[in-house]
Amino acid sequence: MWGPASSEIDVTMHEYSIVQALFDQIEESARRRGAVAVHKVKVRIGEVAGVEVALLRTAYDTFRERTLCADAPLEVEQVAARWTCPAGHGDIARGRALVCPACARPARLAEGDEIVLEQLELEVP
Ligand SMILES: [Zn+2]
């Protein structure tokens, strides 16, 4: 059972569905390459991807038993949000308003909303 607050349950479900998708992707790669085990899983998680890394780890640890990933630690690379001017005036400094100081256009998120399976170490016989 999870925490009593319904918001906690929602967050947890979110991380679980992400991990489920991650495992689908891992299993697909492992099957394609005839792997018998996974030794490492590395993901890139953006700062504004809406993922709690601690919850993601918990979800991963719960799922990985009885899978090819049973002995594979999860490595998480966190990616800072980077906002940029859509007209090419460059990046907006961290902590500034999300408009371009040169042309006042609303900034566009260039990086930081990704959830990416970055690297897999597979054992292929
Ligand atoms: Zn601009």
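In helix α2, the residues L56, A59, Y60 and R64 are buried. These residues cover an arc of only 120° around the axis, which places them on the same side of α2. The model described here is a predicted one.

**Helix α2**

- Helix α2 comprises the twelve residues 53–64, and at 1.5 Å a residue it should span 16 Å; the C-alpha atoms at its ends are 16 Å apart, so the two values agree.
- A54 and T62 are exposed, and they lie on the other side of α2.
- R66 follows α2 and has a positive phi, near 65°.

**Helix α1 and residue E15**

- Helix α1 covers residues 6–33, and E15 lies within this helix.
- E15 counts as buried because 20 C-beta neighbours lie inside 10 Å, and 20 or more is the count required for a buried residue.
- Leaving aside residues up to four places away in sequence, E15 touches V51, E52, L55, L56 and A59.
- Two of the residues touched by E15, L56 and A59, are also among the buried residues of α2.
- E15 and E52 are 37 residues apart along the chain, while their C-alpha atoms are separated by 7.3 Å.

**The sheet**

- Three strands form an open sheet with mixed pairing, in the order β2-β1-β5.
- The edges of this sheet are β2 (74–79) and β5 (115–123); each has a single partner strand, so one side of each is left without a neighbour in the sheet.
- From one strand to the next, the twist averages 15°.
- In general, the strands of a sheet pair through backbone hydrogen bonds, in either a parallel or an antiparallel manner.
- Strand β1 (residues 37–46) pairs with β2 in the parallel sense, over six bridges.
- Within that pairing, G46 has V79 of β2 as its bridge partner.
- Strands β1 and β5 run antiparallel and are joined by eight bridges.
- Here K42 has Q119 of β5 as its bridge partner.

**The loop between β3 and β4**

- A97 is found in the loop that lies between β3 (82–84) and β4 (108–111).
- A97 is exposed, because 12 other C-beta atoms lie within 10 Å, and a residue with 12 or fewer counts as exposed.
- The C-alpha atoms of A97 and A107 are separated by 8.7 Å, and the two residues are ten residues apart along the chain.

**Overall architecture**

- The protein contains two helices and five strands.
- Read from the N terminus, its elements follow the order α-β-α-β-β-β-β.
- The radius of gyration of the protein is 18 Å, whereas a compact globule of 125 residues would have one near 14 Å.
- The C-alpha trace spans about 55 × 40 × 15 Å along the principal axes of the protein.
- Of the 125 residues in the protein, 18% are buried.
- Among the contacts in the protein with a separation of 6 or more, 71% are between residues 24 or more positions apart.

Notes. Residues numbered from 1 in each chain as written. Predicted model: local features only at pLDDT ≥ 70, side-chain atom pairs only at ≥ 80, totals over all residues. Helix = DSSP H or I, 4+ residues; strand = E, 2+ residues; numbered from the N terminus. Rg over C-alpha atoms; globule rule 2.2 N^0.38 Å. Contact = placed C-beta atoms within 7 Å. Expected span 1.5 Å × (residues − 1). Arc of directions from axis to C-beta. Pairing = 2+ DSSP bridges. Axes fitted to C-alpha atoms, helices over the stretch in contact; angles between N-to-C directions.
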